Amino acid sequence: QLVYPYDFRLTEKEKTSICYLSFPDSYSGGLGDTQFSFRLRQSGGQRTTHYEDDGEYNREAPLTLQWESAHYFGYVYFRQVKDSSMKRGYFQKSLVLVSRLPYVNLFQSLLQLIAPEYFDKLEPCLEAVCNEIDQWPPPVPGQTLNLPVMGVVIQVRIPSRVDKPGSSPVKQFNQENLLPAPLVLPSIHELDLFRCFQPVLIHIQMLWELMLLGEPVVVMAPSPTVSSEMVLALTSCLAPLRYCCDYRPYFTIHDSEFKEYTTRTQAPPNIVVGVTNPFFIKTLQHWPHILRVGELRMSGDLPKQVKVKKLAKLKTLDTKPGIYTSYKTFLHKDKTLIKRLLKGIQRKRPSEVQSALLRRHLLELTQSFIIPLEHYIASLMPLQRAITPWKNPPQIRPFRQEDFMKTLEHAGPQLTCVLKGDWLGLYRRFFKSPNFDGWYRQRHKEMTQKLEALHLEAICEANIVAWMKDKSEVEIVDLVLKLREKLVRARCQHLPVKEETLQRVGLYIETIIGSLPEDLQAVLHHH
């Protein structure tokens, strides 16, 4: 019906997908307002946007909050109310905010402010809001932003890669000069994990393993709200490890990837997909793991926990809540976590405290798993003394799975985690998953850049004049070209090198050129 700002370019395919994803897919008798989110694959080539990211945000933001270039996130506020003047007897409308950033709390809070006004006043309201949002500063990791909109100031901190994992957001908000008092969001993206995972708390271990291994999982839920929250909660439970597979918090039968996901001619893709239409029970019953959940209700005691059932028990029409899978966990259940959460329920502990407990548990589990990998990959880095100025830096040694397995006996997860089980089997399966591939590529890239940086520093500390004494002009020109290339690469890739180091390399280049005959100097300066 309306896209604002007008110059925001979407392909017809994207527009159609957004329209279908903006409304509940199956009949929901519920009236009133609901909020949910979706994630959509971009179709067509690369496009420029208002906010051109030069990579700086992604270099400083946590890996789990990266700006996505191939996907859009959609945040939906849907209203359904009785209205006899409408053909169907209902007023149904959705306001959708589309972004490349996974800031679910910020954008859903923003929609809570804008949507009710928009349904009332329509386009002029959007124009005013967009003018305000245009004035917002770009998100800078580590900074607390004050974002004015419709007479309210939303205050939120953008997490940074250097934050200590598991630390709570900094509470040092500057409030004295803000009137009215700002709407402070404790987190830009973290969900209430305890509420989301209510019916599956006793299976948290299994769900964490399925996410770690990038297994194909279907979440069948009664509404887009429950489906999108459960999918986002699942994909967040590996933090600070990035979940590298695809995920769709809400997916409909009209989606362009519907055929791709429902085909039986090939194995299901590595993806977590949230659905609400009962039709999917039939079309996705060949998937290996199906989580069926009911409506989430916060009650005073531990909600009914779903059971793990065999896939053959999946009934087409009346499927009871449960985890339908034949998966056997590698690690044993953590009874202490369940006891602590139960105690919290008995003592009426607030949901955010329970969520913090749960998040802490998942974080420690992920760290216990990943620390041995980090130690091993660090040992593949060449020694600093092997880096000499006038030779190419040595290569990072290859990652050998068997060598890594041998390190586990003395430095495995058992040092930091009390959970028993088949850790070796879990690592072997992890090596085949997209999450290992994503983690390894990221680390390898960081180590390569570190090597480049160390090499530049070694060059800066070398005596260049002494080196040039017995060198031919060809060798000296070759060095100039190589150093120039290194400088360009250091600047383009934002290598972890001090600015003064780069300036010294620039001076070295000038010194070297100055020692050459004038005709060569002219050529090199021109070059």
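Trainee: Over which ring does the charged end of Arg39 sit?

Mentor: A charge counts as sitting over a ring if NZ of Lys or CZ of Arg is within 6 Å of the ring centre and within 35 degrees of the ring normal. Here the charged end of Arg39 sits over the ring of Tyr247, 4.1 Å from its centre. Before going on, note that this is a predicted model, in which local features need pLDDT of at least 70 and side-chain atom pairs count only at pLDDT 80 or more, while totals for chains, interfaces and linings use all residues. Residues are numbered from 1 along each chain as its sequence is written, and side-chain values use heavy atoms, with hydrogens and water left out.

Trainee: How many helices and strands are in the protein chain, and what share of the residues is buried?

Mentor: Helices (H or I, at least four residues) and strands (E, at least two) are DSSP runs, numbered from the N terminus. The protein chain has 18 helices and twelve strands. Buried means under 20% relative accessible area, exposed over 50%, and partly exposed in between, with a 1.4 Å probe and protein chains only. Of the 527 residues in the protein chain, 48% are buried. Along the principal axes, the C-alpha atoms fill a box of roughly 90 × 60 × 55 Å.

Trainee: Which residues of helix H12 are buried, and which exposed residues are on the face turned away from them?

Mentor: An α-helix has 3.6 residues a turn, so residues three or four places apart point the same way. In helix H12 (residues 401-411) the buried residues are Phe404, Met405 and Leu408. They cover an arc of only 100 degrees around the axis, which puts them on the same side of H12; the arc is that of the directions from the helix axis to the C-beta atoms. The face turned away from this buried side carries the exposed residues Lys406, Glu409 and His410.

Trainee: Against which helices do the buried residues of H12 pack?

Mentor: Contact means heavy atoms within 4.5 Å. The buried residues of H12 pack against helix H11 (351-378) and helix H13 (423-430).

Trainee: Which aromatic pair has one ring in H11 and the other in H13?

Mentor: Rings of Phe, Tyr and Trp (its six-membered ring) pair if their centres lie within 6.5 Å; planes under 30 degrees apart count as stacked, over 60 as edge-to-face and the rest as tilted. The structure holds 29 aromatic pairs. Phe369 and Tyr427 form a stacked pair, 4.2 Å centre to centre with 15 degrees between the planes. Phe369 lies in helix H11 and Tyr427 in helix H13, so the pair ties together parts that are 58 residues apart in sequence. Phe369 counts as buried, at 0% relative accessibility, and Tyr427 is buried with a relative accessible area of 0%. Ring pairs also link a cluster that includes Phe369, Phe404 and Tyr427.

Trainee: Why is the pair of Tyr327 and Phe330 edge-to-face?

Mentor: The ring centres of Tyr327 and Phe330 are 6.4 Å apart and the planes stand at 65 degrees, so the pair is edge-to-face. Both Tyr327 and Phe330 are buried.

Trainee: What is the strand order in the open sheet of three strands?

Mentor: Two strands pair if DSSP finds at least two bridges between them. The order is S4-S5-S6, with mixed pairing. Strand S4 (144-149) and strand S6 (183-184) stand at the edges, each with a single partner strand, so one side of each is left without a neighbour in the sheet. Strand S5 (residues 152-157) and S6 run parallel and are joined by two bridges. Leu183 in S6 is the bridge partner of Ile154.

Trainee: Which strands does S10 pair with?

Mentor: Strand S7 (residues 217-220) pairs with S10 in the parallel sense over four bridges, and Met220 has Arg292 as its bridge partner in S10. S10 and strand S12 (residues 322-325) run antiparallel, joined by four bridges. In S12, Thr325 is the bridge partner of His289.
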